[in-house]
Amino acid sequence: MPLVESLIGPVASLIDKIIPDKEARAKAKLELLRLEGTQEMREIEARLSAIVAEANSRDPWTSRARPSFLYVMYVLLLFALPMGILAAFHPDIARDIGTGMNAYLNGLPDALYALFGTGYLGYTAARQWGKVKGVEG
């Protein structure tokens, strides 16, 4: 169980960064400690091991897939800047673009958003774990 023990610290550190409320953060850490040694924690360990294996893969499609997806999401978020400028000069066009994007994004299944969140947090946890273990710089 050395992997589980080495995961507790990085996951607790992530909890500190993600959850701003002290009481909620303490509850999350208590739940993490409760999970230690349970089947659920072994499942989490298996998932994180798979994420680390993917990140360390020599196959460029495998190792770059998760970060590339994050870059796409960042571009979508940064698209708000030119849209704001467009809205200042052509509000009707900006509104139509926004309406179209909202219709498209609302049409995507909720499972896709859950997958993104899981991938993002998993990638972050794997990177943190790799840094703690001295595997990544």
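Which helix does Tyr120 lie in? Select Tyr120 and you will find this residue in helix H7. Before going on, keep in mind that this is a predicted model.

**The whole chain**

Start with a cartoon view. The secondary structure comes to 7 helices and 0 strands, and reading along the sequence gives the pattern α-α-α-α-α-α-α. If you colour by accessibility, 20% of the 137 residues of the chain count as buried.

**The nonpolar patch**

Now go back to Tyr120 and show the surface around it. With a relative accessibility of 31%, Tyr120 counts as partly exposed, and this tyrosine belongs to a nonpolar surface patch of about 870 Å². To see the patch complete, select Ile18, Tyr71, Tyr74, Leu77, Leu78, Leu81, Tyr120 and Leu121. Helix H4, residues 60-78, and helix H7, residues 110-133, each supply at least two residues of the patch. Which of the helices gives the most to it? That is H4, with 4 residues.

The structure holds 1 aromatic pair. The ring centres of Tyr71 and Tyr74 are 6.3 Å apart and their planes meet at 50°, so this pair is tilted; a plane angle under 30 degrees would count as stacked and one over 60 as edge-to-face. The two tyrosines are 3 residues apart in helix H4, which means that about one helical turn separates them. How exposed is each ring's residue? Tyr71 counts as exposed, because its relative accessibility is 54% and the cut-off for exposed is over 50%. Tyr74, at 36%, counts as partly exposed.

**The second largest pocket**

Select its lining: Phe69, Met73, Leu76, Leu77, Met101, Tyr104, Leu105, Leu108, Leu112, Tyr113 and Phe116. You have already met Leu77, as one of the residues of the nonpolar patch. H4, helix H6 (91-107) and H7 each supply at least two residues of the lining. The largest share, 4 residues, comes from H4.

Side chains of opposite charge can pair when their charged atoms come close. Here Asp92 forms a salt bridge with Arg95, and their closest N and O atoms are 2.5 Å apart. The structure holds 1 salt bridge. Asp92 and Arg95 are 3 residues apart in helix H6, so they are separated by about one helical turn.

**Two glycines to finish**

Select Gly84, which lies in helix H5, residues 80-89. Its relative accessible area is 41%, so Gly84 is partly exposed.

Last stop: Gly122, in helix H7. Is Gly122 buried or exposed? With a relative accessible area of 9%, Gly122 is buried, as the cut-off for buried is under 20%. Gly122 and Arg47 are 75 residues apart in sequence, and their C-alpha atoms are 8.2 Å apart in space.

How values were computed: Residues numbered from 1 in each chain as written. Predicted model: local features only at pLDDT ≥ 70, side-chain atom pairs only at ≥ 80, totals over all residues. Heavy atoms only, no water. Patch = residues over 30% accessible without salt bridge, like charges linked within 9 Å, V, L, I, M, F, W, Y side chains within 5 Å. Areas by Shrake-Rupley, 256 points an atom, 1.4 Å probe, with all protein chains shown as cover. Salt bridge = Lys/Arg side-chain N within 4 Å of Asp/Glu carboxyl O. Buried < 20%, exposed > 50% of the residue type's maximum accessible area, 1.4 Å probe, protein only. Phe/Tyr/Trp six-rings, centres within 6.5 Å; stacked < 30°, edge-to-face > 60°. 1 Å grid on protein atoms, 1.4 Å probe; cavity = no way out; pocket = protein on both sides within 12 Å on 5 of 7 lines; lining within 4 Å.
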